[in-house]
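Colleague: I am new to this structure and would be grateful for a close look at a single part of it. Please set that part in the context of the whole chain.

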Amino acid sequence: MLQLRSNAPADDRLHGLFATIASAALAILAAGYLAAEADAVVVGGISVAVAIFVRSLPLPAAASMAVAVLAGAGAGALGGALTGLGTQAALIGAGAAACAVIGHRVAAYDYPSRFVHMTAGVALPLTAAVPAVYLLGRVVTG
């Protein structure tokens, strides 16, 4: 409601309204981590971190994405060994890494705005991984 009552020009009000709606939707989606299995969240977080790190390596775009998802699966297997989920956690890792790489790519579209790009480059991959972590975590943990 505050965005609609603003004295800013119409275009600025519209941009502010969409930014508010998008941030609220992402916050609600990120709350899915609270509903997921704790071990799956740990595995997913490790996998997202490794995948985004690997994605930043100087490789061709398609190879970078594939290697990042494979590295996420490997990190998931390692996280599964640490949490007791076993090697099936590689499935969670691969799913979380694939979603995170897509989220990172979406965040890269706002390249001219360095601040938004840097913050979205962290938040969006983690948030995009929520559905995979939740669903695959339920499948793996039974």
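Is V130 buried or exposed, and what is its relative accessible area?

Modeller: This is a predicted model, and the description that follows should be read as such. V130 has a relative accessible area of 4%. Because buried means under 20% relative accessible area, V130 counts as buried. Across the chain, buried residues make up 30% of the 142 residues.

The residue belongs to helix α8, which covers residues 130–141. Leaving aside residues up to four places away in sequence, V130 touches L29, A30, G32 and Y33.

Two packed helices are described by the angle between their axes and the distance between the axes. For α6 and α8, the angle is about 170° and the axes are 9 Å apart. Angles over 145 degrees count as roughly antiparallel, and α6 is therefore roughly antiparallel to α8. On the α6 side, the contact is made by L91, I92, G95, A96 and C99. On the α8 side, A132, V133, L136, G137 and V140 take part.

T87 is placed between α5 (61–83) and α6 (89–107), in the loop that joins them. Its relative accessibility is 68%, so T87 counts as exposed, whereas V130 is buried. From T87 to A10, the C-alpha to C-alpha distance is 53 Å, and 77 residues separate the two in sequence.

The whole chain supplies the setting for these details. It contains eight helices and zero strands, and from the N terminus on the order is α-α-α-α-α-α-α-α. The C-alpha trace spans about 55 × 35 × 15 Å along its principal axes. Among contacts with a separation of 6 or more, 65% are accounted for by residues 24 or more positions apart.

As for the surface, the chain exposes about 8300 Å², and carbon and sulfur atoms supply 72% of that area. There are 6 positive and 5 negative side chains in the chain, with the centres of the two sets 4 Å apart.

How values were computed:
Residues are numbered from 1 along each chain as its sequence is written. This is a predicted model: local features need pLDDT of at least 70, side-chain atom pairs count only at pLDDT 80 or more; totals for chains, interfaces and linings use all residues. Side-chain values use heavy atoms; hydrogens and water are left out. Helices (H or I, at least four residues) and strands (E, at least two) are DSSP runs, numbered from the N terminus. Buried means under 20% relative accessible area, exposed over 50%, partly exposed in between (1.4 Å probe, protein chains only). Contact means heavy atoms within 4.5 Å. Accessible areas come from the Shrake-Rupley method with a 1.4 Å probe; for residues, only the protein chains shown count as cover. Lys and Arg count as positive and Asp and Glu as negative; His and the chain ends are not counted. The place of a charge is taken as NZ of Lys, CZ of Arg, CG of Asp or CD of Glu. Axes are lines fitted to C-alpha atoms, for helices over the stretch in contact, and angles run from 0 to 180 degrees between N-to-C directions. Angles under 35 degrees count as roughly parallel, over 145 as roughly antiparallel, 65 to 115 as roughly perpendicular and the rest as oblique.
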